[in-house]
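Dear colleague,

I am passing on the structure below, and I would be grateful if you could look it over alongside the notes that follow.

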Amino acid sequence: MAYHRFDAVVVGAGGAGLMAAIQLAGKANTAVVSKLYPPRSHTGAAQGGISAALGNTEEDHWQWHMFDTVKGGDYLVDQDAAEILAREAVDAVLELEHMGLPFNRTADGRIDQRRFGGHTRNFGEGPVRRACYAADRTGHMIIQTLYQQGIKHKLNFFDEHHLLDLLFTDDGQCCGCVTVEMRTGEIHTIHAKAVLIATGGFGRVYRITSNAMAGTGDGVAVAYRRGVPLMDMEFYQFHPTGLYRLGILLSEAARGEGGILRNGLGEAFAERYAPTLKDLAPRDMVSRFIYQEVKEGRGIDGKDYVHLDVSHLAPEVIDAKLPDVTDFARTYLGVEPKTDPVPIQPTAHYAMGGLPTDVEGRVIVDEQGRTIPGFYSAGESACVSVHGANRLGTNSLVDLVVFGRRAGRHMLEYVKTASLPPLPTDPEFLGRAQIADLMSRASGERTAELRQAMQEVMMDKVSVVRDGTGLREAKSAIDGIRRSYAQVAIDDHGKQFNTDLTEALELGCMIDCAEAIVAGALAREESRGAHYRDDFQARDDANWLAHTLIYRTSGGLEMRKKPVTITEFEPKERKY
Amino acid sequence: MEVTLRIKRFNPEQDVKPAFKEYVVDVEPMDRVLDALNQVKWQHDGTLTYRRSCAHGICGSDAMRINGRNRLACKMLMNELGRKVTIEPLIGFKVIKDLVIDMDQFFASYKAVKPYLIADDAPSAGERLQSPAERERFDDTTKCILCAACTTACPITWTNEEFVGPAAIVNAHRFIFDSRDQGAGERLRILNTQSGVWRCRTIFNCTEVCPRDIEVTKAIEEVKRALLFEQV
């Protein structure tokens, strides 16, 4: 065992975690834990851009960005948070530039901007150029830039440490976390005044996903087991354009630059559903358009996919602005996008739900907004909620820089005055027990088989379109997988770099996330944003203009509602 | 199609030295090498150990030697490799377990070249201006994903522990030629030492293996020229 003492510990070194850690660097003793090397974090896979109303290429205002965010989220967005997101995006993007991020530039040397789904001028009149970008590797540039700053500020990195547990005092203060170091298998207790969970999403609960294999919801699940509720888990975004069968993301930037979706008849079908924004309607809608086309037999050759067509764009535009996404089509499907349409299908992409937080990144535990001293979350693992029922493209990157920064700043103020809470007796107990249990069986269930069963059922019953019957089947399947998980046996019983062990630990986390997604989806008897119920097709503001909180208790799951904060924009029907 | 994977295995808790072990997998032609490795790990032998994350060539975790050449397992398709595929860890750094190598020296070299913007003139409002041409000047080297394929393909790195290696130079280049940066002098001084660019013998292995198609040798040459002619 190893013991470390810090003022603050950041778990997860993607965009949100690093942005927070940079605020703390040099001012508070800060540890940064990652189960990867930080630049390998999934922020690096983000492609298209980061929105901010800079107005560099045409008129724009943060109020328009705020409105689009609220409407895009089907009015489940907390509007005080959306205001902060849209206002502070401007300054946050400039801060990234000051840190050295190499944005594409306009002819006069300013940050260039392009169109993206759901982002409009003057409250919905038509598309606006708001997404700041660096080719189609904006996320790569963000993660690189923030990691570079972390090196500059000499952050204490705990690379390749896997999170096992979170520590709380008896009176409910957060006091650290427990990790296992991959290289040695040694368990570490990191004792701290404040902990930030920035472990990202959990797209790997689905069979077809754009998410990295590391996207297994570790921090979310570990907190959930410790009694923290999960908010709005039923809202899981399917990105319309994943590479067929593989789920690898093809950025919305492809449509922002003029790409068109076509069905098996060659029709540009999006305009039938969304006459104003067409292919640039929000993702939840475009994914449903594709679902509908396929259901009505207009997939390509009657199959379950459609085409993304960029062949009419100038080859030099493709090379300059979409080099990576076109390379993915070439590498993985053998398709040349300059001449041929690319087979695509919706892919599990982003969790709108997660650990509920206030606008300072403090995790809240009930509908009144009570916080846990010293416990924070930001980025995809958190639910502020700025994305509501459906996140707009580019807003995940805005979320992680804006709220990562706010969380880091708040933590800094907190650790300046807070004293170090005592550790619980035997802080490693739960972490050690999990590992011992998985190591104890010589034979039993296989991690990969259970994981596949979970991914299949989530894809079939809990994806773009859902209904009560399917969700009840999913619930019973996930319950069964949880029971089987108690009998998982692994092949590798060694200490050093045991990825057989960490994959099994990750599956445990994903089962927790899947359970909460299904519980939320079953409870919410309406259709809103990414949550579409075939048996309740209308939005129901009278009963469901509310966040869901799912608690895991000794008596089973408990659901509570939390009111939505509405300031500027009254809920309206959502048309594009 | 059936393919035999010949994988170099090493378990530090049991083995004195590495040894090859063969696995027969059933793959689709368009499957990635990573899919084949996953098949072994998930269906046959959970002890097989490798790093991986994004699975589409962006995160840089799964660089390894595939049929004698450094590749990302997630960017190499089975149909390009034949029916017998040899997979080994990258060369030049200590093997921790199976295909996992010790990356400490690699990241130490990266950090040694000050891979961050050095500039104290951030404007109080708005962004620093940079023309599209100035931005284009260092575009190629911004693509680096720190996978270590280049550095571990370099024979100089194999024999000389001091050499910072191509990846570190690529990341120095990314800042040296950024019009906003003021740290070129510091970095060039670091690269002008015994462990710096002059160790490079222009072998081009780095350029050949880069999974991001960065012209690594060209970048190194530009840094050398900057030192010789002070052209930044």
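How many salt bridges are there between chain A and chain B? The count is 11, a salt bridge being a side-chain nitrogen of Lys or Arg within 4 Å of a carboxyl oxygen of Asp or Glu. One of them joins Glu503(A) to Arg52(B), with 3.4 Å between the closest N and O atoms.

Please keep in mind that this is a predicted model, in which local features need pLDDT of at least 70 and side-chain atom pairs count only at pLDDT 80 or more, while totals for chains, interfaces and linings use all residues. Residues are numbered from 1 along each chain as its sequence is written, chains are lettered from A and ligands numbered from 1 in the order in which they are written, and side-chain values use heavy atoms, with hydrogens and water left out.

As for the contact (heavy atoms within 4.5 Å), chain A brings 61 residues to it and chain B brings 66 residues. About 5,300 Å² is buried between the two chains, 50% of it given by carbon and sulfur atoms, where buried area is the accessible area (1.4 Å probe) that two parts lose on being put together, summed over both. Of the area that chain A buries against chain B, 14% is supplied by Arg40(A), Met213(A) and Tyr332(A), more than by any other three residues.
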